[in-house]
Amino acid sequence: MSSQPMPPRRTVAASSGSGNFAAATTIAAATISAGTTAADNASASDTAAPGLAELLTAHLGPEAAMVPIATVTWPPYEHVNVQGGVDRWLARNGAPYRLTGMAGFRLRMFGLSDLFHDVGAHTMTVAGVSMTDQPSGPGDETRSCVQCGLYLVDGVDGPDDGDRTADPRPPMALLLRGTELRGPQQDVSLEIACSDRALARAAAAEIRRLAVEFSVYRGHVLEFGAEVFGPHQSALSFHERPVMTREELILPPGMLEGVEAQILGVNRHRAALLAHGQHLKRGVLLFGPPGTGKTHTVRYLMSRLPETTVVVLTANALRLIGQACEIARALQPALVVVEDVDLIARDRSAHPDAAPLLFQLLTEMDGLDGDADVTFLLTTNRVDALEPALAMRPGRVDHAVEVPLPDADGRARLLELYRGSLDLDLAGADGLIERTAGVTASFIKELIRRAALLALDEQDEEQHDDQNDGAAAPDNGLRVSAAHLDEALEILAGSRHQLTRRLLGAPGDLPD
Ligand SMILES: Nc1ncnc2c1ncn2[C@@H]1O[C@H](COP(=O)(O)OP(=O)(O)OP(=O)(O)O)[C@@H](O)[C@H]1O
Ligand SMILES: [Mg+2]
């Protein structure tokens, strides 16, 4: 390879992939740079592919194998951000570079230092750059990332000491590798070789910083899924932020205001609170029977915090709490949601590690700096299972709120909320509201739907009769009478629906 200066280029041109998380594609040309043309690449590929050791020595000089190497690793889901960091770093320092792929890298343990040596039959040769599409936003947004590639960068500037004329500008080599499905490469790694150790370190630190600053996860709703690749790996997926209004949430007066003050209020007044020596970190626990609106409240709070990074951890992903907190800390303001947190506290026999996980969560909650704008929002319908652990480690939860079963007023408001565009006859609603004492919001929702189904069945029958009589079908709204509601309640209250009732969060027997 010649050491001629190469014109800078901004981003790696990638062929399109399938949009799949693990999809990998290969760029046909072995090396790419803005100055090269298709003809250049064609003539380059006519000649025999040089070994990587040869290429590195030509780039870094005869002492290449002795050059210090700085290494940084990230968890698999950071691949997209590392690529962003590398691209930005290259664009910012403006040094010419070329990107080279290699053949035979899959399922192999190797580092940049191994590439300086041709090791017999296993020598890896220059080849196309293998690419992979990584999720980069909600929906199907992806960014093409280098799966395994060697960046050969010319003359990077050292720190600016006012006079750069005599500064040496040593060349660098960067090896970027993404996580490999079922392979030994478990992390995303970046190795930087440069004769000036400080320069290599500075480049690594800068790329790490850029990866955080421009993280594609910032300000999004994310969820750690269950195991995707294996027990030690995880995927972080984007979710659309819920859109919800206050009116969609029926809660006792004052309850939501308290939660809002704790979560949204601190968020809004963060600068003033910090200026007055107050901490920002907060822990809110929503507890109450199933189906009363804990998850619904979480969704509402997410919709009220459009700029906040949200990390949702379900109980089976709780072992990733450390990584979730790391993301929250790096991308604050952040909200860490742990749903059904009792599940990890309850069953120690089935999950021998359950208690340590809960303690790890509490430790992480305590471990964040006081000025970190991070909220922990926990939900449970078994607060009794959780209380001993919380009592043993006080101070993690500073606001615990019961989300109760709706009272009569709540049930009346729920009937209004879930009627949708139904023409609901609520003339006799008082009796209905009385007879639904003890049910949840989910129950009321289902009650209305059942009544609507009964009304539709009736309408079908009438239309059928009318058609037989030759009358035109009515095209007005669906009228649901008090009788439909009563009948639906009777069905749901009947002995055949004992389990349905329990699943909807209603008591075993409803009042007559
Ligand atoms: N307070 C409420 N106001 C309005 N709708 C509600 C309310 N509570 C529940 N719902 C309706 O019932 C559905 C189920 O409620 P949700 O999932 O929030 O219950 P939960 O308290 O999280 O239960 P679990 O303890 O089983 O997780 C919601 O999606 C919503 O449609
Ligand atoms: Mg829930």
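This note walks through a few features of the structure above.

1. A word on the model: this is a predicted model, in which local features need pLDDT of at least 70, side-chain atom pairs count only at pLDDT 80 or more, and totals for chains, interfaces and linings use all residues. Residues are numbered from 1 along each chain as its sequence is written, while chains are lettered from A and ligands numbered from 1 in the order in which they are written.

2. Let's start at the ligand. Around ligand 1 there are 15 residues, the closest being Pro 290, Gly 293, Thr 295, His 296 and Ala 441; a residue is near if its C-beta atom, placed from the backbone, lies within 6 Å. By class, the shell has six nonpolar, seven polar and two charged residues (Ala, Val, Leu, Ile, Met, Phe, Trp, Tyr, Cys and Pro count as nonpolar, Asp, Glu, Lys and Arg as charged, and the others, Gly among them, as polar).

3. Helix H7 (294-304) and helix H14 (441-469) each give at least two residues to that shell. Helices (H or I, at least four residues) and strands (E, at least two) are DSSP runs, numbered from the N terminus.

4. Next, a helix pair: H3 (residues 79-93) and H4 (residues 197-213) pack at an angle of about 120°, with axes 8 Å apart. Axes are lines fitted to C-alpha atoms, for helices over the stretch in contact, and angles run from 0 to 180 degrees between N-to-C directions.

5. Two loops deserve a look. Gln 332 and Pro 333 are joined by a cis peptide bond, with omega about 5°, and Pro 333 sits in the loop between helix H8 (321-330) and strand E14 (334-338). Leu 107 is not a glycine, yet has a positive phi of about 55°; Leu 107 lies in the loop between strands E4 (97-102) and E5 (126-127).
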